[in-house]
Amino acid sequence: MATTGGWLGKLAGAAGEAKARATAEKKERLAAPRILRPGEVVGEYDASRLLMTTLGGEIRPLTHDDLAAFRQNVRTAQKRLSGGITARKTLDLSWKDDRDRAQSQIRQAVPASASNGRVRFVTGAGPDSKVSRHHVTVEFMSFGAAVSAGTKTPLQAANWLRKQPLKFDCDCERHTYWFRYVSTIGGFNAGRAETGFPKIRNPRLTGVGCKHVLRVMAEVESAGTVVLFLSKAITKARENDDGRATVRQTQRDAETQLAANKRPRNIMTTEDRRKSAAAARERRGLVRATASTPKPKKPTAATRRMAGGMNKAQLALLAKMGLSESQIAAIAAAGK
Ligand SMILES: [Zn+2]
């Protein structure tokens, strides 16, 4: 277990653990007394309930003006999230803090099992977490299309599938209290639907994924091991006439993958990728320019004589610009 820092644990118990956590969370949610329900957001709120909000920065009792602001925030979020979400869009719409935490704290994720397009990933947990691992569920909504696309090999189909719209869920508190409502109203929640408006934690409804979800999305976007895992599910579904497939990752395969993946993959938005590509182009350009520029010639004694009043640095500069001795001499003569 040294290779994973111990967080992976036994994959065999992962699905059971995820289900037990979901059941416990649902029970807790159903018993929660201070939920702002959808009917209340649209105006049926009774101020005697004395619910609180942090809209505006400080915690205070909720007013009917806040409800109007919440309704506007729902409309804005739904507009931003319209058309569903992909791995890339999840990264793009996330908070920088969450991306930074995904980069520094959640260094790896592995797919543990798949039931058709519904894949369970296991990730490590942050340093202050009560648990050692988290469960992120990703539902690849175009799985059926990838299975049926006879023109593509399983690998090609998997590579296409990972860029398509998906739904997700995580069992952590950040997803539960900040983002589950956002994913529910955006139509890409793959777990328990959340109807309670996050009036305290995220009343502006910004951001979209916790650090575990972001780590998984970075792997979905770029990891060859995820493509391979999806291609196995596609192959299996193609072999079954009803198009269904269950795939499990073995403990040994998961540990081998994690051990081979020493440096965490970068958590990058589209903008980060653009900047990184531009920097790489610039570096390549500099290398080419250095390789193709002839070494600047030192001016000969004859040029120096012809150049008259020009100093050494000026002559060197002209030579560096690729001018010949006679051109330099002409410039010097013109300046006399
Ligand atoms: Zn999470």
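Is Leu 50 buried or exposed? Leu 50 counts as exposed, because its relative accessibility is 53% (buried means under 20% relative accessible area, exposed over 50%, and partly exposed in between, with a 1.4 Å probe and protein chains only). Leu 50 sits in the loop between α2 (38-44) and β1, and has a positive phi of about 55° although it is not a glycine.

The model is predicted: local features need pLDDT of at least 70, side-chain atom pairs count only at pLDDT 80 or more, and totals for chains, interfaces and linings use all residues. Residues are numbered from 1 along each chain as its sequence is written, and side-chain values use heavy atoms, with hydrogens and water left out.

The mean pLDDT of the protein is 89, and 86% of its residues reach 70 or more (pLDDT is the predictor's confidence in each residue, from 0 to 100). Where pLDDT is low, the predicted coordinates should not be read in detail.

The secondary structure amounts to 15 helices and seven strands (helices, H or I with at least four residues, and strands, E with at least two, are DSSP runs numbered from the N terminus). Of the 336 residues in the protein, 41% are buried. Among contacts with a separation of 6 or more, 64% come from residues 24 or more positions apart (contact means heavy atoms within 4.5 Å). The protein exposes about 18200 Å², and carbon and sulfur atoms supply 55% of that area (accessible areas come from the Shrake-Rupley method with a 1.4 Å probe; for residues, only the protein chains shown count as cover).

The next site to look at is the zinc ion. Its protein donors are Cys 170 (SG), Cys 172 (SG), Cys 210 (SG) and His 212 (ND1), at 2.2 to 2.3 Å (donors are N, O and S atoms within 2.8 Å of the metal, or 3.2 Å for Na, K and Ca; water is not among the atoms, so sites may look incomplete). The angles among the four donor atoms run from 104 to 113°, and the site is tetrahedral (four donors count as tetrahedral if all angles lie between 85 and 135 degrees; four count as square planar and six as octahedral if opposite donors are over 155 degrees apart and all others between 65 and 115; anything else is irregular). The ideal angle for four tetrahedral donors is 109.5 degrees.

Along the chain, the donors of the zinc ion follow the spacing C-x1-C-x37-C-x1-H. Cys 172 lies in the loop between β6 (166-170) and α8 (173-186), and Cys 210 in the loop between α8 and α9 (211-222), so the pair ties together parts that are 38 residues apart in sequence. Cys 172 counts as buried because its relative accessibility is 4%. Cys 210 is also buried, at 1% relative accessibility.

Strand β1 (residues 52-53) contains Met 52. At 28% relative accessibility, Met 52 counts as partly exposed. Leaving aside neighbours within four places in sequence, Met 52 is in contact with Arg 34, Ile 59, Arg 60, Pro 61, Leu 62, Lys 199 and Ile 200. The C-alpha atoms of Met 52 and Leu 62 are 5.1 Å apart, with the two residues 10 apart in sequence.

Gln 249, in the loop between β7 (246-248) and α11 (251-260), is buried at 9% relative accessibility. Its side chain reaches the backbone oxygen of Pro 111 at 3.0 Å (a polar contact is a pair of N or O atoms within 3.5 Å; within protein, one must be able to donate a hydrogen and the other to accept it, and residues adjacent in sequence count only if both atoms are side-chain atoms). Beyond four places in sequence, the contacts of Gln 249 are Leu 11, Pro 111, Ala 112, Phe 229, Ala 254 and Gln 257. Arg 133, in strand β5 (residues 133-140), is buried with a relative accessible area of 7%, and its side chain reaches the backbone oxygen of Leu 8 at 2.7 Å.

Asn 116 has a positive phi of about 55° although it is not a glycine. Asn 116 lies in the loop between β3 (109-115) and β4 (118-124) and, at 14% relative accessibility, counts as buried.
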